[in-house]
Each structure stands twice: as C-alpha cells, then as structure tokens.
Amino acid sequence: MSALPVSQPFDVNDPVFRAHEGGKLGVHATSPLRDAEDLSLLYTPGVAAVSRAIAADPALAARYTSRRNTVAVVSDGTAVLGLGDIGPLAAMPVMEGKAVLFKHFADVDAVPVCLETGTVDEIVNAVARMAPTYGGINLEDISAPRCFEIERRLKERLDIPVFHDDQHGTAIVALAALYNAAQVVDKRLEDLTVVVSGAGAAGVAVSSILVRAGVGDVIAVDSSGIIGSDRGGLPDHKESLRAITNRTDRTGLLGDALEGSDVYIGVSGGTVPERDLLRMAPRAIIFALANPDPEVHPSIAHRFAEVVATGRSDFPNQINNVLAFPGIFRGALDSGARAITEEMKLAAARAIADLVDEPATDLVVPSVFDDRVAKRVAEAVSALADRCG
C-alpha cells in the first residue's frame with residue numbers, strides 16, 4: 001500500500017469533515033423483512049429456488065439480483081484528483097463521492113472498490129474475479145499509462161461495460177462543449193485546429209474523440225512538446241496518439257502548436273504563458289480544465305478567447321464528468337449493453353450539447369443539476385445498444 005502523507009491538523013467541526021463523518025454511503029434493503037414469511041422468501045428456503053434458476057441460466061441474474069443496477073467504482077488511489085498517489089484508503093472519500101453522484105443523478109447503485117496498487121496483471125485479475133457481482137465497472141483515478149492497459153484488457157475479458165471515467169467522461173463533455181462553442185464563434189468543427197495540452201488519460205481520450213467527431217486537426221502536446229514525427233521512443237499510448245493527430249506535422253513546443261490554432265484544451269496543469277495565447281486565431285476557444293488551478297485563469301483567458309470553460313463550478317461553462325457518466329451507465333444497464341462503444345460516447349456528447357437551446361459565450365454546456373441530462377444521455381446510449389442487438 002502506498003505510504004500516506006503525514007497527517008495535518010484539522011478541525012473536526014469543519015463542515016467538510018462533519019459531512020464525511022461515518023462515510024457518505026450505506027446499505028438499504030429493497031424488500032421489507034417484517035416476519036417469518038418474509039424471511040422465508042428473502043432468504044432460506046425461498047432463495048434456493050432463485051439460485052437454482054440462475055445456475056441454470058446465468059442471464060437471470062440481471063433480473064433477480066442487484067447486479068442489474070450496481071456498478072463498481074474501482075481505484076487503486078494512484079492518481080486521485082489533484083492529489084496524486086495517495087493510496088486506496090485516502091481515495092475512499094473520493095470514490096464514495098462518485099457513488100453519491102451515480103445515485104443522485106441516475107439512480108445507479110455504485111460501490112467503491114479501492115484496491116492496493118499492484119501490477120497491471122494483478123489489478124485486471126482482481127477486478128475480473130469480482131466482476132460477477134456488478135453490472136458495470138467504472139475505473140477511476142488509476143495512474144497513466146497503466147490505466148490504458150487495464151481498461152483495454154478488462155474490456156476484452158468481461159462481458160459488462162467497462163468505462164474509465166478520467167478518460168472518456170472528460171472527453172465526452174469536452175466534445176459536447178466544443179460543439180456549442182464552435183457554434184458561438186461561427187466556426188465549423190471540420191475547420192478547427194485544436195491543441196490538446198496533456199497526453200495522459202484525459203489528453204489521449206479528448207484527442208481521440210475529437211478526431212472521431214471530425215475536428216479538422218488535433219495537435220497533442222506533452223511536457224516535451226508537440227507529439228509529431230520528430231519524436232522517437234514514445235510509449236504506446238503516445239505512439240497511438242501520434243498516428244491520428246498532427247495532420248500538418250507541426251514540431252516545437254506549446255507556443256508553436258498554438259500558432260493560428262482555434263482551440264486550446266488543457267488537461268495537464270501548469271500555466272500557459274500569455275505570449276503563447278497571443279498566437280491563437282481570432283475568436284478563439286479556451287478550455288482550461290485543470291483543477292483547482294486552470295492552466296489559464298478565466299480572467300486572463302477572456303483576453304484571448306471568446307469562449308472560456310474550466311472544470312470549476314465557480315465559473316461559467318463547467319466541464320464536469322458528472323454530465324456524462326451517470327447517464328452512460330444508466331443507459332448501458334437499462335439496455336443490457338455488454339460494452340460502451342465509441343459510437344455511444346459520440347452520441348452522449350451530442351445529447352449533452354443539444355440540451356443547450358441557444359449556446360452563448362457563458363453557456364456551452366447544461367448545468368450539472370439539469371434533470372434532463374442523465375435521462376437524455378441514457379436514451380442516446382440505450383438506442384445504440386438496442387441497434388447493435
């Protein structure tokens with residue numbers, strides 16, 4: 001288990017700590033247990049008949065157990081929010097919070113599963129062995145590049161949806177925001193040059209979905225500069241990224257990538273120099289998504305861009321994964337989908353974008369508290385699952 005930082009003093013009466021005392025989750029029964037008759041139905045001897053039926057036909061588990069509405073939120077605590085590798089115990093409050101969001105926004109029962117970190121093989125095997133309990137797996141806060149291999153292998157091995165939210169949730173909502181932001185600045189998606197700063201989990205997924213959506217060119221930038229033909233010895237996930245991005249084969253650093261670009265999407269942290277932002281095209285778009293400190297503070301970003309978004313709730317245009325993952329799992333569970341496909345992700349992004357009737361500079365995504373969001377996303381996902389049979 002990862003060593004945790006030395007505990008810092010805190011006030012037990014602080015509202016944050018009071019809200020978390022005892023944890024944020026509990027267990028409730030969906031059937032009443034009032035008397036001996038109920039006991040005989042819910043447990044022995046009645047339960048034996050249900051178990052025999054499922055043993056004969058495993059598909060019945062989706063109807064007669066909680067599996068049909070339960071998702072495991074799996075983390076090893078190696079990349080938790082902006083806190084880094086803090087270990088599975090310290091990750092628990094975050095995973096509990098994720099479970100609360102699942103329940104509140106989509107009525108999905110989610111269970112935190114925080115594992116001691118290990119090799120890719122160990123994590124894949126652990127998740128695969130416990131998978132019969134769940135209808136879906138939501139991978140969360142697992143460090144790159146291991147997260148790519150873990151997700152890929154679990155998707156191959158399991159017949160239930162596996163979704164790494166740090167990758168795909170961010171990508172889906174960023175694309176939804178870009179659909180509407182492009183409309184605001186009167187530019188077509190296929191004409192945009194988008195610079196994605198960061199080539200970790202979120203950066204790879206954002207770049208990939210933008211390419212699939214038909215963006216004109218995507219230029220991925222990591223800490224060493226533009227990912228292009230002049231870069232050798234790249235890890236597999238960056239090599240795959242290079243194959244689908246940087247159509248004009250630019251080289252250099254972030255500022256060189258931003259020359260004449262229409263959109264900057266930051267998913268890496270740090271600070272973008274203003275001299276680099278000056279190189280962007282007129283009517284630019286800036287999505288600075290690092291939390292809690294955006295790569296470009298909105299007060300500065302508005303000097304260079306017409307549409308500005310962040311990952312924070314205290315500024316307009318919050319690009320928040322909660323717009324995506326509850327509805328995606330709701331739709332996948334309801335339709336019995338065995339996987340969450342690339343087409344489903346694109347459909348989810350379109351559904352989110354379409355909930356904004358009149359996009360504006362300060363309104364390119366709906367509020368996370370818009371009750372329509374999870375329902376519309378679920379419908380979009382379910383429709384594709386049904387079409388795929």
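Leu-178 touches Leu-189, Leu-192, Val-194, Leu-210, Val-215, Val-263, Ile-285 and Phe-287, residues up to four places away in sequence being left out of the count. In this predicted model, the largest nonpolar core comprises 67 residues, and Leu-178, Leu-210 and Phe-287 are those with the most contacts inside it. Helix α8 supplies the largest share of this core, eleven residues. Another core, of 29 residues, lies apart from it and includes Ile-123, Val-127, Ala-128 and Leu-241. In soluble globular proteins, nonpolar side chains tend to be buried together.

The packing of α9 against two other helices was examined next. Two packed helices are described by the angle between their axes and the distance between the axes. The axes of α8 (residues 165–184) and α9 (residues 201–213) come within 8 Å and cross at roughly 45°; the two helices are therefore oblique to each other. Their crossing is right-handed. On the α8 side, the contact is formed by Asp-166, Gln-167, His-168, Thr-170, Ala-171, Ile-172, Leu-175, Leu-178 and Tyr-179, which meet Ala-201, Ala-202, Ala-205, Val-206, Ile-209, Leu-210 and Ala-213 in α9. By class, the residues of this contact comprise twelve nonpolar, three polar and one charged.

Helix α9 also packs against α10 (residues 236–244), with axes that come within 10 Å and cross at roughly 25°. Because this angle is under 35 degrees, α9 is roughly parallel to α10. The crossing of α9 and α10 is left-handed. Here, Val-204, Ser-207, Ser-208 and Val-211 in α9 meet His-237, Leu-241 and Ile-244 in α10. Four nonpolar and three polar residues make up the contact of α9 with α10, with no charged residues. Ser-207, which lies in α9, counts as buried at 0% relative accessibility. Beyond four places in sequence, Ser-207 touches Val-196, Val-218, Ala-220, Leu-241 and Thr-245.

In helix α6 (residues 120–130), the buried residues are Val-120, Ile-123, Val-124, Val-127, Ala-128 and Met-130. Their cover includes β1 (70–75), β2 (109–114), β3 (136–139) and α7 (146–157). Among the buried residues of α6, Ile-123, Val-127 and Ala-128 belong to the core of 29 residues.

Two glycine residues in loops were also considered. Gly-214 is placed in the loop between α9 and β6 (217–222) and, at 33% relative accessibility, counts as partly exposed. Residues up to four places away in sequence aside, Gly-214 touches Leu-189 and Glu-190. The C-alpha atoms of Gly-214 and Asp-191, which are 23 residues apart along the chain, are separated by 9.1 Å. Gly-311 is placed in the loop between β10 (305–310) and α14 (325–335). With a relative accessible area of 10%, Gly-311 is buried. Its contacts beyond four places in sequence are with Ala-288, Leu-289, Asn-291, Gln-318 and Ile-319. A separation of 28 Å is found between the C-alpha atoms of Gly-311 and Pro-9, which are 302 residues apart along the chain.

Backbone geometry was then inspected. Most residues other than glycine have a negative phi, and most peptide bonds are trans. A cis peptide bond, with omega about 10°, joins Thr-44 and Pro-45; Pro-45 is placed in the loop between α2 (36–42) and α3 (46–56). The peptide bond from Ala-144 to Pro-145 is also cis, with omega near 5°, and Pro-145 lies in the loop between β3 and α7. A positive phi, near 55°, occurs at Asp-249, a residue other than glycine. Asp-249 lies in the loop between α10 and α11 (254–258) and counts as partly exposed at 38% relative accessibility. For Arg-283, likewise a residue other than glycine, phi is positive and near 55°. Arg-283 lies in the loop between α12 (274–277) and β9 (284–288), and with a relative accessible area of 39% this residue is partly exposed.

Key: Residues are numbered from 1 along each chain as its sequence is written. This is a predicted model: local features need pLDDT of at least 70, side-chain atom pairs count only at pLDDT 80 or more; totals for chains, interfaces and linings use all residues. Side-chain values use heavy atoms; hydrogens and water are left out. Axes are lines fitted to C-alpha atoms, for helices over the stretch in contact, and angles run from 0 to 180 degrees between N-to-C directions. Helices (H or I, at least four residues) and strands (E, at least two) are DSSP runs, numbered from the N terminus. Angles under 35 degrees count as roughly parallel, over 145 as roughly antiparallel, 65 to 115 as roughly perpendicular and the rest as oblique. A crossing is left-handed if the near helix is turned anticlockwise from the far one by less than a right angle, and right-handed if clockwise. Contact means heavy atoms within 4.5 Å. Ala, Val, Leu, Ile, Met, Phe, Trp, Tyr, Cys and Pro count as nonpolar, Asp, Glu, Lys and Arg as charged, and the others, Gly among them, as polar. A nonpolar core is a set of buried Ala, Val, Leu, Ile, Met, Phe, Trp, Tyr and Cys residues joined through side-chain atoms within 4.5 Å. Buried means under 20% relative accessible area, exposed over 50%, partly exposed in between (1.4 Å probe, protein chains only).
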